[in-house]
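Colleague: I have a model open and would like to go through it with you. Can we take it piece by piece?

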Amino acid sequence: MGVGDAVKNLVIRNLSKTYFDVYAGTQVTAVRDVSLNVPESEFISIVGPSGCGKSTILNMIAGFIPHSSGEILVGGKPVNGPGPDRGVVFQSFALFPWRTVLENVAFGPKMRGVGKVEREKIAHEFLALAKLSEAAGRYPNELSGGMQQRVGVARALANEPDVLLMDEPFASVDAQTRMTLQEELTRIWEAKRPTVIFITHDVAEAVFLANRVVALSKGKVLDEIEVDLPRPRVWDDLHENEQFKSLTARVLQLVRSA
Amino acid sequence: MTKRSFISALWFCAPFAVLIVLWAILIPYFDVNPRLFPHLTAVVQAGIEGIQDGTLVQHIGASLLRVAVGTLLALLVAIPLGVAMGVSPVVSTFLTPLFRFFSVLAGIAWIPIATLWFGYGFGAITFIIFNAVFFIVTYNTLLGVSTIPLHVRNAAASLGAGRWAMLTEVLLPGALPNIVTGIRTGMGFAWRGLIAAEMIATNVGLGYMLFVARDFYKTEVIVLGMIVIGVLWLLLDRLLLAPIERATIERWGMVQRA
Ligand SMILES: Nc1ncnc2c1ncn2[C@@H]1O[C@H](COP(=O)(O)OP(=O)(O)OP(=O)(O)O)[C@@H](O)[C@H]1O
Ligand SMILES: [Mg+2]
């Protein structure tokens, strides 16, 4: 956790994952020899076709599944199971249905032993950041998908993780809402500057959000592309932006060529 | 009480009112032998007498106490056991058929063995109640815990929840709708089992009251007992159990999975 001056970076070295498929009785190598270096406060997108191993990488960083070989270091420390230094935003939101929006967001601080008054103050702050102040007292099932994912983002951020891990968080909302959420995420990132690993199969989304796009195919890193588009980023400006178009085209070509 | 719930309560009572009116008219009209079926007035009379001399209150008290003690003991064992079994997929898969079997069997089938183990009286009857509630609640708890989505548990872990917090913040609330459904069904079985057991294995309680009245052809006491048994259950179910079930399942938007 953000104690003292620990660096909030992520280093992955020669990471591999082999699953044993119980039904087929065969080994499946989902991730091979992946190395990545994500400095503090960088926003990287990992993009690639379905089944290329994106979720597997993210789940290993989160500590939900063990890795077969290689190393994952967060702030210099090896990953060993899930922990509050790595916040996760799930595609399916994964909110606690039995808790109000406010209590969901206050969950991380509560686990850290922060008192009720203080953690609700933190939660209100992050709900305001996610433009959700009105929904504080409601239950997750009373919200739209887009609002639920805002809660998911606020909940992960309220715990002040070193690294924020997002696995296709906007894949299950409609196109308009998705664009709004993407713009909000870039705004929040500029405000808080967390280190982010964002997984998607949507090339435009990957380029729009990130400082750097990592193209993945069949469990291997194909290439990394720097994105030095100006911020703040809004779709109205970028739709017609030549640099955005050529970057997107490059990433798309890369992903499709493999 | 809102106007709407008042009207729905009226509708609920209407058929009973019709039945009572028919009873009041038809039994005297056909001059039915009171040894076969009592007059309404005789039953009311028996009720007043039972309250005045305290016997009715004593029988009701004995029955309710047994239900309360048996249910409470069952819950104390069933919920922790169900949680422990539910967290391990292997254990829960292995034991599920067993608990389904005993959930169906539980009830008066246990009376003979219960009287052999505990003799006639409080112990045997409480054991019947215990069984009726225990197996169903354990099974439902197990089911509730094992159907909590993995990503919800992962979310809690990555927000810093340890073992204890996982239990109190995720597993128990996540399984609660199932647990409440289990308690409601289990107590339904328990109540029926109780009446049967009291006819055989004791000398106080509503079931006993019914059974003894038969020996003296006191049909008015038998019918009074039947009415009390039914009304008590309806009150318990509609005023206590159903509202709790509705509150958890509807408020949280959790679909009943049992
Ligand atoms: N538990 C598992 N057991 C066996 N094989 C698995 C398991 N999980 C994933 N795989 C395999 O590993 C590969 C990568 O899966 P992964 O879920 O990481 O892909 P993904 O890039 O996230 O795909 P998508 O975009 O569809 O989410 C796939 O071939 C998949 O079938
Ligand atoms: Mg995936």
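Colleague: How many bridges join strand E9 of chain A to strand E10 of chain A?
Modeller: Six bridges join E9 (residues 212-217) to E10 (residues 220-226), and the two strands run antiparallel. Strands are DSSP runs of at least two residues, helices (H or I) of at least four, numbered from the N terminus; two strands pair if DSSP finds at least two bridges between them.

Colleague: What stands opposite Ser217(A)?
Modeller: Lys220(A) in E10(A). E9(A) and E10(A) form a hairpin with two residues between them, and Lys218(A) in the turn has a positive phi of about 45 degrees.

Colleague: Before I go on, what are the ground rules?
Modeller: This is a predicted model, where local features need pLDDT of at least 70 and side-chain atom pairs count only at pLDDT 80 or more, while totals for chains, interfaces and linings use all residues. Residues are numbered from 1 along each chain as its sequence is written, chains are lettered from A and ligands numbered from 1 in the order in which they are written, and side-chain values use heavy atoms, with hydrogens and water left out.

Colleague: Other topic: in which order do the strands of the open four-stranded sheet come?
Modeller: E2-E1-E4-E5 in chain A, with antiparallel pairing. Strand E2 (26-38) and strand E5 (77-78) stand at the edges with a single partner strand each, so one side of each is left without a neighbour in the sheet.

Colleague: And what joins E1 to E4?
Modeller: Five bridges, between residues 10-21 and residues 69-74 of chain A, running antiparallel. Ser16(A) stands opposite Ser69(A) in E4(A).

Colleague: Now ligand 1. Which helix gives the largest share of the shell?
Modeller: Helix H1 (residues 54-62) of chain A, with three residues. The residues around the ligand (a heavy atom within 4 Å) include Tyr19(A), Lys54(A) and Glu168(A).

Colleague: Which side chains have a polar atom by a ligand oxygen?
Modeller: Ser55(A) at 2.8 Å and Thr56(A) at 2.5 Å. A backbone N or O atom of Cys52(A) lies 3.2 Å from an oxygen atom of the ligand. The protein covers 60% of the 640 Å² of accessible area (Shrake-Rupley, 1.4 Å probe) that ligand 1 has on its own.

Colleague: Last one: how much do chain A and chain B bury between them?
Modeller: About 1900 Å², 66% of it on carbon and sulfur atoms; that is accessible area (1.4 Å probe) lost on being put together, summed over both parts. Trp98(A), Phe107(A) and Met111(A) supply 32% of what chain A buries against chain B, more than any other three residues.

Technical notes. Polar contact = N/O pair within 3.5 Å; in protein donor to acceptor, adjacent residues only side chain to side chain. Buried area = accessible area lost by both parts, 1.4 Å probe.
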